[in-house]
Amino acid sequence: MIPEVYCPDPGTVESADCGICETKMDVTRDAYGPTSSLMGMAGRKRKHDFFHCPHRKEKWHIQVKQLKEAARKTPSKTFEDIYLTEVAEILKTRQPSKEVSIC
Ligand SMILES: [Zn+2]
């Protein structure tokens, strides 16, 4: 699954949909810089196309990302279903159902 930010090699990907909300992502072609926090810390850079979801800073998007993460991590099938039901509801309304913190 492609996350909300995606950095493939330049020209290798035509378009990409956000892994959180399935919106077609905006793209900046031929960017140059680190594409992971590890590369950033090591001071390494590479050329890449920078795909990013236009909604990734919105509250509902942040909540959906956290709910999907929770659904993936829980060992319980019941809880997973509950999380994903709420995800579907938020994606429909694009309104957060709860105030969530950024980190
Ligand atoms: Zn998105």
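The buried residues of helix α2 pack against helix α3 (77-93). Buried here means 20 or more other C-beta atoms within 10 Å of the residue's own; exposed means 12 or fewer, and partly exposed lies in between, with C-beta atoms placed from the backbone. This is a predicted model: local features need pLDDT of at least 70, side-chain atom pairs count only at pLDDT 80 or more, and totals for chains, interfaces and linings use all residues. Residues are numbered from 1 along each chain as its sequence is written.

**Confidence**

- The protein chain has a mean pLDDT of 95, and 99% of its residues reach 70 or more. pLDDT is the predictor's per-residue confidence, from 0 to 100.

**Overall layout**

- The protein chain holds 3 helices and 3 strands. These are DSSP runs numbered from the N terminus: helices are H or I, at least four residues; strands are E, at least two.
- Starting at the N terminus, the order of elements is β-β-α-β-α-α.
- Domain 1 covers 5-52 and domain 2 covers 59-93; the bounds come from an automatic or database domain assignment.
- A distance of 25 Å separates the C-alpha centres of domain 1 and domain 2.
- The C-alpha trace of the protein chain spans about 40 × 25 × 25 Å along its principal axes.
- Of the 103 residues in the protein chain, 17% are buried.
- Take the contacts between residues at least 6 apart in sequence: 52% of them join residues at least 24 apart. A contact needs C-beta atoms, placed from the backbone, within 7 Å.

**The sheet**

- The 3 strands make an open, antiparallel sheet in the order β1-β3-β2. Its edge strands are β1 (5-6) and β2 (26-33), and each pairs on one side only.
- Two strands count as paired when DSSP finds at least two bridges between them.
- β1 and β3 (residues 46-52) pair over 2 bridges, in the antiparallel sense. V5 faces H52 in β3.
- β2 and β3 share 6 bridges, also in the antiparallel sense. V27 has F51 of β3 as its bridge partner.

- In α2, the buried residues are H61, Q63, V64, K65 and L67.
- Helix α2 (residues 59-73) has 15 residues, so at 1.5 Å a residue it should span 21 Å; its end C-alpha atoms lie 21 Å apart, in agreement. The expected span is 1.5 Å times one less than the number of residues.
- α3 has 17 residues and should span 24 Å at 1.5 Å a residue; its end C-alpha atoms are 25 Å apart, which agrees.

**The nonpolar core**

- The largest nonpolar core has 12 residues: Y6, C7, C18, I20, C21, M25, F51, C53, V64, L67, Y83 and V87. Two or more of its residues come from each of the elements α2 and α3.
- Domain 1 (5-52) and domain 2 (59-93) each supply at least three residues to this core.
- A nonpolar core is a set of buried Ala, Val, Leu, Ile, Met, Phe, Trp, Tyr and Cys residues joined through C-beta atoms within 7 Å.
- Setting aside residues up to four places away in sequence, Y6 touches A16, M25 and F51.

**Positive phi values**

- E22 sits in the loop between β1 and β2. Its phi is positive, near 65°, though E22 is a residue other than glycine.
- E22 counts as exposed because it has 11 C-beta neighbours inside 10 Å.
- R94 follows α3, with a positive phi near 55°. R94 is not a glycine either.
- R94 has 13 C-beta neighbours inside 10 Å, so it counts as partly exposed.

**Q95, after α3**

- Q95 is also placed in the segment after α3. It has 11 C-beta neighbours inside 10 Å and therefore counts as exposed.
- Beyond its neighbours within four places in sequence, Q95 is in contact with W60 and I90.
- Q95 and E58 lie 37 residues apart in sequence, yet 9.3 Å apart in space, C-alpha to C-alpha.

How values were computed
Two residues are in contact if their C-beta atoms, placed from the backbone, lie within 7 Å.
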